[in-house]
Amino acid sequence: MVKQEKFKRLAGSLHIVIKVFFWASVVLAGLCALGTVAIALVPAGKIILGSTESLLLTLDGVIRYRLDSALSPVSFKPVLLTILVSSSIGFSLLALLFRPLAGILKTVKEDQPFAARNADRLTAMGVIMLIGSVLANTAQAAVVYMMITTLAIPNIDVNFGLNITMLLTGLLLLILAGVFRYGSYLQDEVDSTL
Amino acid sequence: MPIITRLDRMLADRKMPLNELADKVCISVVNLSNLKTGKVKAIRFSTLEAICKALACQPGDILEFQEDDAK
């Protein structure tokens with residue numbers, strides 16, 4: 001029983017953390033959306049990436065690419081817009097993921113892990129992960145493609161596919177939702193047994 | 001539901017209020033009330049034993065089977 005109390009306290013702490021993440025995602029999604037509108041209204045000529053001796057880019061988070069030759073001034077607006085739109089979509093998906101997760105943690109804290117709504121929450125999270133498995137790599141590829149095109153970086157192309165980790169996680173969450181739906185039925189049977 | 005409880009009848013016969021029975025069988029008044037009004041889906045033998053002991057009766061005095069009218 002002591003372990004269960006510790007477990008509930010942990011769930012309570014995590015619930016607060018996830019709620020903070022949720023609101024942070026909402027705020028960041030909003031800021032990115034506003035930034036998109038703001039950048040869209042700014043003339044392209046105002047957002048210039050000037051000539052530089054070298055520019056260090058990380059195109060995929062792993063490989064760093066140095067542009068050693070001086071660049072002629074180029075408008076960075078398309079790249080910024082792509083980054084902001086992708087980020088806005090990404091943070092929105094994160095917010096949609098954190099909200100049901102916070103709900104689940106709250107029910108665990110209240111000692112009702114098999115509440116009826118948790119199966120629906122897990123289903124929602126699974127669907128969001130499946131959508132994210134397509135959108136995540138697409139957004140990243142779009143940003144990289146914009147950078148390559150805008151900066152005219154030679155001999156680099158973009159390749160993208162499904163995010164397998166997110167795809168598998170999404171499928172597992174959908175299976176878990178089915179397990180929790182059965183658990184909810186069993187809980188209901190126990191609760192209505194005297 | 002075909003199985004109905006006659007708990008209210010037994011309580012009246014024994015002149016026992018519901019909360020007294022709840023104390024004797026260590027079940028909340030809410031749950032006993034649910035049993036009385038037929039909102040309970042199942043009852044454990046241990047609970048039935050405790051109620052029968054408290055009311056000095058047989059299970060058949062509390063539970064009754066009635067065929068569904070729809071059938």
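This is a predicted model: local features need pLDDT of at least 70, side-chain atom pairs count only at pLDDT 80 or more; totals for chains, interfaces and linings use all residues.
**Figure 1. B:Lys41, a partly exposed lysine with a relative accessible area of 44%.** B:Lys41 belongs to the loop between α3 (29-36) and α4 (45-55) of chain B. One partner is A:Glu189, and the two side chains meet in a salt bridge at 3.6 Å, N to O. A:Glu189 lies in helix α4 of chain A, so this pair joins two chains. At 30% relative accessibility, A:Glu189 is partly exposed too. The other partner to look for is A:Asp188, which forms a salt bridge with B:Lys41, the closest N and O atoms being 3.2 Å apart. The count between chain A and chain B is two salt bridges.

**Figure 2. The interface of chain A and chain B, with about 670 Å² of buried area.** Carbon and sulfur atoms give 56% of that area. Zoom in on A:Ser192, A:Thr193 and A:Leu194: together they supply 85% of what chain A buries against chain B, more than any other three residues. Contacts link six residues of chain A with nine residues of chain B. Six residue pairs are in polar contact across the interface. Sort the chain A side by class and you get two nonpolar, two polar and two charged residues.

**Figure 3. A salt bridge inside chain A, between A:Asp120 and A:Arg181.** The N to O distance here is 3.3 Å. A:Asp120 comes from helix α3 (residues 116-151) and A:Arg181 from helix α4 (residues 164-191), so to speak distant parts of the chain, 61 residues apart. Both ends are partly exposed: A:Asp120 has a relative accessible area of 45%, and A:Arg181 is at 43%.

**Figure 4. B:Arg6 and B:Glu64, a salt bridge within chain B.** The closest N and O atoms are 3.0 Å apart. B:Arg6 is in the loop between β1 (3-5) and α1 (7-14), while B:Glu64 is in strand β2 (residues 63-65), 58 residues away in the chain. B:Arg6 is partly exposed at 21% relative accessibility, and B:Glu64 is partly exposed at 27%.

**Figure 5. A salt-bridge network made of A:Glu5, A:Lys8 and A:Asp111.** These three residues of chain A are linked to one another through salt bridges. Over all chains, the count comes to eight salt bridges.

Note on methods: Residues are numbered from 1 along each chain as its sequence is written. Chains are lettered from A and ligands numbered from 1 in the order in which they are written. Side-chain values use heavy atoms; hydrogens and water are left out. Contact means heavy atoms within 4.5 Å. Buried area is the accessible area (1.4 Å probe) that two parts lose on being put together, summed over both. A salt bridge is a side-chain nitrogen of Lys or Arg within 4 Å of a carboxyl oxygen of Asp or Glu. A polar contact is a pair of N or O atoms within 3.5 Å; within protein, one must be able to donate a hydrogen and the other to accept it, and residues adjacent in sequence count only if both atoms are side-chain atoms. Ala, Val, Leu, Ile, Met, Phe, Trp, Tyr, Cys and Pro count as nonpolar, Asp, Glu, Lys and Arg as charged, and the others, Gly among them, as polar. Helices (H or I, at least four residues) and strands (E, at least two) are DSSP runs, numbered from the N terminus. Buried means under 20% relative accessible area, exposed over 50%, partly exposed in between (1.4 Å probe, protein chains only).
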